[in-house]
Structure formats: C-alpha cells, structure tokens
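Trainee: I have a new model to study, and I would like to learn how to read it. Please take me through it step by step.

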Amino acid sequence: MEKRTQKCIILIQARTDSSRLPRKVLALIEGKPMLWHVINRIKKMKCGQLVVVTTKRKMDDEIETIAKKTKVKCFRGEKNNVLDRFYQASLKFKADVIIRITADCPLIDPNESQKVLNTFLKGDYDYVSNDSETIPNGLDTECFSFHALKKVWKEAKLKSEKEHVTSYILKNPKKFKIIMIHNKDKKKRNHLRWSVDYQKDLDFVRKIYSKLYTKRKLFTINDIFNLLKKESSLIKINARK
C-alpha cells in the first residue's frame, strides 16, 4: 500500500499581552507589525498550511486582522491553555506534522526552520528542534507529530506543561524519540539575543532590519552574521550583562 503523504502545518503562536514588553508582536519594524514579518518570512518554507494561533480575547483581535491581511488562517482558543490551543488547531486543520514558531522571532530564518522539518520527515522521530546552544536565541523551530501532541494533550497535568506546548516532551525523553540539530561547528551562540523580550531587543531587531531588509529579497542568518562582523557594536544594543 502506498504511504499517505503527511500533512504539515506551521502554527505561529501569538498574543498581545506580554508582561515584559506589552503588544510586542504588533510593534512596527520598517512600517509593518512584527507578526507580519514573521508570517512573511515563514511563508518561504516549503510546507503546507500556515496558521496563526492566538486567544479568543478581544485584545487579540488585531492578531487575527494581521493574519487575514497576510492571507493566512487564524485559530483562536483559550487564554491559559496553549497546549489545548495547539491540539485543537491541529485537529481542525487535520495535521500530521506540526511546526511551532513564536511571533516574537522576527529574525527567524525559514532556511534553518526548513532543516528542522526536513530532518523530521526523513527520520522516525516524535520531536525535532534546532539546538538552543549553537544558534542565536530567536531562530527556535520545533517540529513534532500529531501523535506526540495528542499524547501530551492527554497526559500533561501541570500548569507549566499546558502553558509551554512541548515541555512535557522534553521532560520525558524515554516516552518520545527526540533529536536536536546542532550547527556543524558546535560553537555556542545562545548569548546572541535575536528574539524580542525587551525594548533593547526590539531596538536591535529594528537596527538589523534598517540595514538588511528589502521587499525583494529575504535576508538570512548568514547576512546577519556578516553584518555583525562588520559592525560588532550592534551586538551591544541588547547584550546581557
């Protein structure tokens, strides 16, 4: 019997209430909301459907508006159970494979995310992600099977496990087949802050965009590294002491 093609979906997790930097996913970068940039960068992946996942709260209506403007679907669920939001969205869109991206990563590189998906599809895994030590913080991509997600949805009990979608998987390596993708040189880069948690992170990202962003060409992780080699002072904008 011919093997059925697996349906892959990308779920971009987004909300407007962040205690450290409220409404950060709506912050303008080169005239467009951060979420808009994340969506349009991730659209470069060779994958199936892209869905923005947010809450049913009124304050998150703007997130759905951005999704509609970028012509992607939006799924809305309960505020305090992100795990259930992912499970219900995956059910609705009949996903076999789920890629998880967060909306506060406007420097996400779809080429790096594609490597995670390709590794998952080629192997017999429940969960694949890029390694958090050898890549800058902000390129994080997780890929997991619907079977694994369903298992987590049934078994996870702690509040933290429902707030952080994949924490149950990572805490139970004997229950799941897990692999982390390392950069070949294994050089530590997790001190580089490319996600947006604080105003200084947003200042850094805006500076990178001001130098590299064009409407015609996607800038990549290597473009950013080359820029930082030439202008190392940019790293100091959001460096942690």
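Trainee: In which helix does serine 113 lie?
Mentor: This is a predicted model, in which local features need pLDDT of at least 70 and side-chain atom pairs count only at pLDDT 80 or more, while totals for chains, interfaces and linings use all residues. Residues are numbered from 1 along each chain as its sequence is written, and side-chain values use heavy atoms, with hydrogens and water left out. Helices (H or I, at least four residues) and strands (E, at least two) are DSSP runs, numbered from the N terminus. With that naming, serine 113 belongs to helix H4.

Trainee: Is serine 113 buried or exposed, and what is its relative accessible area?
Mentor: Buried means under 20% relative accessible area, exposed over 50%, and partly exposed in between (1.4 Å probe, protein chains only). Around serine 113, not counting residues up to four places away in sequence, sit Ile42, Met45, Ile101, Ile108 and Thr141, which it touches (contact means heavy atoms within 4.5 Å). Serine 113 is therefore classed as buried, because its relative accessible area is 0%.

Trainee: How many residues apart are tyrosine 87 and phenylalanine 146?
Mentor: Both tyrosine 87 and phenylalanine 146 are buried. Tyrosine 87 is in helix H3 and phenylalanine 146 in helix H5 (residues 146-155), so the pair links distant parts of the chain, 59 residues apart.

Trainee: What kind of pair do tryptophan 194 and phenylalanine 225 form?
Mentor: Tryptophan 194 counts as buried at 1% relative accessibility, and phenylalanine 225 does at 18%. Their ring centres are 5.3 Å apart and their planes are at 50 degrees, so the pair is tilted.

Trainee: What is the volume of the largest pocket?
Mentor: On a 1 Å grid over the protein atoms alone, a pocket is an open set of points where a 1.4 Å probe fits, with protein on both sides within 12 Å along at least five of seven lines; lining residues have an atom within 4 Å of a point. Grid points are joined across faces, edges and corners, and a volume is the space filled by probe spheres set on the points. For the largest pocket, that volume is about 1,200 Å³.

Trainee: Which residues are closest to the centre of the largest pocket?
Mentor: The lining holds 43 residues. Those closest to the centre are Gln13, Arg100, Thr102, Asp104 and His164.

Key
Rings of Phe, Tyr and Trp (its six-membered ring) pair if their centres lie within 6.5 Å; planes under 30 degrees apart count as stacked, over 60 as edge-to-face and the rest as tilted.
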